[in-house]
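Please view the structure alongside the text.

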Amino acid sequence: SLGGTIAYEMAKQLQIQGDTVNLVLIADGLSPTHYTYSNEDDGFLLQILAMDLGIQAESIDKIKLISMPTQEAVKYIYELALEQQRIPDSLSIKEFQHRFDIFKANYHALATYQPPSYSGEVVVLKASEDLEQHIGAPGDLGWGELATVKHQGTLPGSHFDVVKTPAVIQLANEIKKHLNVN
């Protein structure tokens with residue numbers, strides 16, 4: 001999610017400097033114009049972090065998670081991540097809390113970023129399984145509001161699968177295809 005927005009902003013800045021940008025590809029990243037954020041959303045952000053780590057969704061008690069104070073909720077996800085071997089045993093709760101703080105700051109930056117329009121084209125590839133926050137977003141995930149969408153496609157799996165085998169092979173093929181087209 002954040003990667004697509006960073007790529008978009010880099011392309012915009014390169015364009016301002018007079019450089020040519022050959023490809024801006026967004027892999028299942030929602031346009032920042034469609035993000036909402038509240039400082040009370042720590043439980044929600046911990047759910048996303050858990051999914052990002054590959055913690056099994058059915059092992060997370062979402063009601064318990066969103067009702068816990070943040071520090072307890074971080075510990076809850078930390079313990080699940082250790083139990084499911086999603087983080088190294090050597091990672092301390094303090095280090096995990098620090099990583100969550102960075103994750104939260106990144107999400108806040110993404111949700112508050114005011115993207116300028118971009119006169120170039122973007123390629124948007126959407127995961128076949130919608131994330132909860134993607135439900136209701138346009139098929140181009142909102143990027144058509146900011147730039148011309150040159151191509152819109154689908155990658156297999158969820159948001160968290162698109163950079164893993166087998167979906168990453170299709171992603172690599174899409175990148176190659178769009179880099180070879182002038």
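Helix H2 (residues 42-53) and helix H4 (residues 70-83) have axes that come within 10 Å and cross at roughly 15 degrees. The coordinates belong to a predicted model. Angles under 35 degrees count as roughly parallel, and H2 and H4 are therefore roughly parallel to each other. The crossing in which H2 passes H4 is right-handed. On the H2 side, the residues that meet H4 are Asp42, Leu46, Ala50 and Leu53. Their partners in H4 are Thr70, Ala73, Val74, Ile77 and Ala81. By class, the residues of the contact of H2 with H4 divide into seven nonpolar, one polar and one charged.

H4 also packs with H5, at an angle of about 110 degrees and with the axes 10 Å apart. Angles of 65 to 115 degrees count as roughly perpendicular, and H4 and H5 are therefore roughly perpendicular to each other. H4 contributes Thr70, Val74, Lys75, Ile77 and Tyr78 to this contact, while H5 contributes Ile93, Phe96, Gln97 and Phe100. The residues of the contact of H4 with H5 divide into six nonpolar, two polar and one charged. Thr70, Val74 and Ile77 of H4 take part in the contact with H2, and Thr70, Val74 and Ile77 are also listed for the contact with H5.

The second topic is the aromatic rings. The structure holds four aromatic pairs. Two of them involve Tyr8 and are set out below.

| Pair | Centre to centre | Angle between planes | Class |
|---|---|---|---|
| Tyr8 and Tyr118 | 5.8 Å | 70 degrees | edge-to-face |
| Tyr8 and Trp143 | 5.1 Å | 50 degrees | tilted |

Trp143 lies in the loop between S2 and strand S3 (148-155), so its pair with Tyr8 ties together parts that are 135 residues apart in sequence.

Ring pairs link Tyr8, Tyr118 and Trp143 into a cluster.

Notes
Residues numbered from 1 in each chain as written. Predicted model: local features only at pLDDT ≥ 70, side-chain atom pairs only at ≥ 80, totals over all residues. Heavy atoms only, no water. Axes fitted to C-alpha atoms, helices over the stretch in contact; angles between N-to-C directions. Helix = DSSP H or I, 4+ residues; strand = E, 2+ residues; numbered from the N terminus. Parallel < 35°, antiparallel > 145°, perpendicular 65-115°, else oblique. Left-handed = near helix turned anticlockwise from the far one by under 90°. Contact = heavy atoms within 4.5 Å. Nonpolar A, V, L, I, M, F, W, Y, C, P; charged D, E, K, R; others polar. Phe/Tyr/Trp six-rings, centres within 6.5 Å; stacked < 30°, edge-to-face > 60°.
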